[in-house]
Amino acid sequence: MYRDYKLFDEVLKKIEDGMQITFTPKNVAYGDTFLIFNKYCRKQTITFHTKCVPFWIEFDGDEPMRLEECPDSFFESILKNI
């Protein structure tokens, strides 16, 4: 898988521990299909955890995930909303 490390580095520079972003179908980056929205889930809040390495994110009602395992399209959505 190709990874755009510039996007990842840019996200790392702008996030802080405990920072939250709420995503809706209207504020994700074009082409980002990482978050799944449906009639039961119209928004998704993520929380960044940066006090230990690796950094990870916590999703409302879902399992946490290492930040570095997220796709580049999701990084674009993060940057769009910071």
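**Aromatic residues**

Reader: What is the relative accessible area of Phe34?

Author: Phe34 has a relative accessible area of 24%, so it is partly exposed. On this scale, buried means under 20% relative accessible area, exposed means over 50%, and partly exposed lies in between, with a 1.4 Å probe and protein chains only.

Reader: Before we go on, what kind of model is this?

Author: This is a predicted model, in which local features need pLDDT of at least 70 and side-chain atom pairs count only at pLDDT 80 or more, while totals for chains, interfaces and linings use all residues. Residues are numbered from 1 along each chain as its sequence is written, and side-chain values use heavy atoms, leaving out hydrogens and water.

Reader: Noted. How many aromatic pairs does the structure hold?

Author: The structure holds five aromatic pairs. In one of them, the rings of Phe23 and Phe74 have centres 5.5 Å apart and planes at 50°, so this pair is tilted. Rings of Phe, Tyr and Trp (its six-membered ring) pair if their centres lie within 6.5 Å; planes under 30 degrees apart count as stacked, over 60 as edge-to-face, and the rest as tilted.

Reader: And in which elements do Phe23 and Phe74 lie?

Author: Phe23 lies in strand S1 (residues 20-23) and Phe74 in helix H2 (residues 72-81), so the pair ties together parts that are 51 residues apart in sequence. Helices (H or I, at least four residues) and strands (E, at least two) are DSSP runs, numbered from the N terminus.

Reader: Are Phe23 and Phe74 buried or exposed?

Author: Both Phe23 and Phe74 are buried. Phe74 also forms a tilted aromatic pair with Phe34, at 4.7 Å centre to centre and 45° between the planes. That pair links distant parts of the chain, 40 residues apart: Phe34 is in the loop between S1 and strand S2 (44-49), and Phe74 is in helix H2. The relative accessibility of Phe74 is 0%.

Reader: Which residues do the ring pairs link into a cluster?

Author: The ring pairs link Phe23, Phe34, Phe59 and Phe74 into a cluster.

Reader: Staying with H2, which of its residues are buried?

Author: In H2, the buried residues are Asp72, Phe74, Phe75, Ser77, Ile78 and Leu79. They pack against helix H1 (5-14), S1, S2 and S3, where contact means heavy atoms within 4.5 Å.

Reader: What about Lys80, which residues is it in contact with?

Author: Lys80 is found in helix H2 as well, but it counts as partly exposed at 49% relative accessibility. Leaving aside neighbours within four places in sequence, Lys80 is in contact with Lys26, Asn27, Val28 and Ala29.

Reader: Turning to the backbone, where is the cis peptide bond?

Author: A cis peptide bond joins Val53 and Pro54, with omega at about 5°. Pro54 is placed in the loop between S2 and strand S3 (56-59). Most peptide bonds are trans.

Reader: Now the whole chain. What pattern does it follow?

Author: The protein chain has two helices and four strands, and read along the sequence they follow the pattern α-β-β-β-β-α. The radius of gyration is 12 Å, close to the 12 Å that the globule rule gives for 82 residues, so the chain is as compact as a globular protein of that length. This radius is taken over C-alpha atoms, and the globule rule is 2.2 Å times the number of residues to the power 0.38.

Reader: How much of the chain counts as buried?

Author: Of the 82 residues, 35% count as buried. Among contacts between residues at least 6 apart in sequence, 59% join residues at least 24 apart.
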